[in-house]
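Dear colleague,

I am passing this structure on to you, and I would be glad if you looked through it alongside the notes that follow.

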Amino acid sequence: MASSRLPILIALAFSSLPFVLSHSNRVMWFQDFFPPNVCPINAKANTFYGIMFDAGSTGTRIHIYTFVQKSPENLPELEGEIFESVKPGLSAYADQPEKGAETVKKLLDMAIDAVPPHLWKKTPVVLKATAGLRLLSEEKAQALLSEVKEVFEESPFLVPEDSVGIMDGSHEGILAWITVNFLTGQLSGQNQQTVGTLDLGGASTQITFLPRFEETLKETPGDFLTSFEMFNSTYKLYTHSYLGFGLKAARLATLGALNMEVVDGQMFHSSCLPRQLEAEWHFGGVKYRYGGNKEGETGFKPCYLEVLKVVKGKLHQPDEIRGSSFYAFSYYYDRAADTNLIDYEQGGVLEVRDFERKAKEVCDNMERYNSASPFLCMDLTYITALLKEGFGFRDNTVLQVSKKNCQEQLTSWTLGATFYLLQSLGMTY
Ligand SMILES: O=c1[nH]cnc2c1ncn2[C@@H]1O[C@H](COP(=O)(O)OP(=O)(O)O)[C@@H](O)[C@H]1O
Ligand SMILES: [Ca+2]
């Protein structure tokens, strides 16, 4: 299929959706995600823009998408994406919400340069926060969000009513699944062979796939299933977001520091770290001191046992996924690329056991392994344990590990979310 057709297909699908998505106990899945009551815009010009902020736990990213609609009969095509990011994420400013909002303002200034002035008022701007803000107290999260809302309101862009908020974890998984499967052409025509998606963020992780067997539907807890209609088909997806199981939250859990009131000077140890290491780490606005087991054991075996405590028995294991292949991104990609398991630009295809092999290589040679991060052994061991003992994948489960998809767009939930936003604002025909 010609690549230029793919965006049209996405838009087609999104336009044909009334996007009726329903949890077993929740009708209109997206009702609270985007405002239904914004007046439609009569977009006469054939180019339009959408600005989507991904406020992740480790960083804030702006995606400025450009769409072209050549005629009312043709659906919009995705023409391009401008992307920028800042670190740390908003949650690091839990006690300085104004400073947090300033980081958003800096990114938004890019959009002022990127979007032609006559389209500012027709360009919606939305920020959806994920696990970093989910982990903060309601009060701190709301303070950050309301500062960001002020920044949006002072900007020349269109600010929908619910333009700033925390995204539900299941939306994150489904929007990423839709993006990947549209861009790979799997949701159009016959013989659909959709691919499941695995996203490993800093604070949460998502698994999403389309079950093929009745058994899976029967065995799955109701709140792991979400239905939506597209191309006159109904898809019932398995999706779940595990809060606290992102890579960085898992580091804290392994160190025994997750959700702890950290006492000044307290040191956390792990066999997954270089023996002589003593260092400090800031995450979510908290400072942690950590280090290796000076006297005790280090290496893959003790590390795996430590990490196992974090995942074992904590995740639902659908039988069906053992034999399927999945599309994995975010930290799966980062750690595979860091250790040359895949090509940095192209990504690659791996088996679960490749992560284990690399984890052993790194952990059993920790003092000699030249790595940018002292957490490399822990991270690879956690990924191995999460895939095998957490989700229950086989050693030979195949993973397509990429950063960008075939359209050269960064793999993320943001493109799917932007399409839906434009649809809900009546900006597409
Ligand atoms: O623009 C992006 N789109 C998708 N993922 C990104 C983007 N920028 C960074 N990432 C990846 O997201 C991961 C960090 O997760 P994130 O900060 O989103 O945490 P969260 O999803 O738990 O809130 C890293 O692997 C990083 O490479
Ligand atoms: Ca994320």
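S330 counts as partly exposed because its relative accessibility is 27% (buried means under 20% relative accessible area, exposed over 50%, and partly exposed in between, with a 1.4 Å probe and protein chains only). S330 has a positive phi of about 55° although it is not a glycine, and it lies in strand β14, residues 326-330 (strands, E, are DSSP runs of at least two residues and helices, H or I, of at least four, numbered from the N terminus).

Please bear in mind that this is a predicted model, in which local features need pLDDT of at least 70 and side-chain atom pairs count only at pLDDT 80 or more, while totals for chains, interfaces and linings use all residues. Residues are numbered from 1 along each chain as its sequence is written, and side-chain values use heavy atoms, with hydrogens and water left out.

N340, in the loop between α9 and β15 (348-351), also is not a glycine and has a positive phi, of about 60°; N340 is exposed, with a relative accessible area of 68%.

Helix α9 (residues 331-338) packs against helix α11 (residues 376-390) at an angle of about 130°, their axes being 11 Å apart. That makes α9 oblique to α11 (angles under 35 degrees count as roughly parallel, over 145 as roughly antiparallel, 65 to 115 as roughly perpendicular and the rest as oblique). In this pairing, Y331, Y332 and R335 of α9 meet L376, D379, L380, I383, L386 and L387 of α11, where contact means heavy atoms within 4.5 Å.

Finally, K87 and P88 are joined by a cis peptide bond with omega of about -5°, and P88 lies in the loop between β4 (77-86) and α2 (97-114).

Technical notes. Chains are lettered from A and ligands numbered from 1 in the order in which they are written. Axes are lines fitted to C-alpha atoms, for helices over the stretch in contact, and angles run from 0 to 180 degrees between N-to-C directions.
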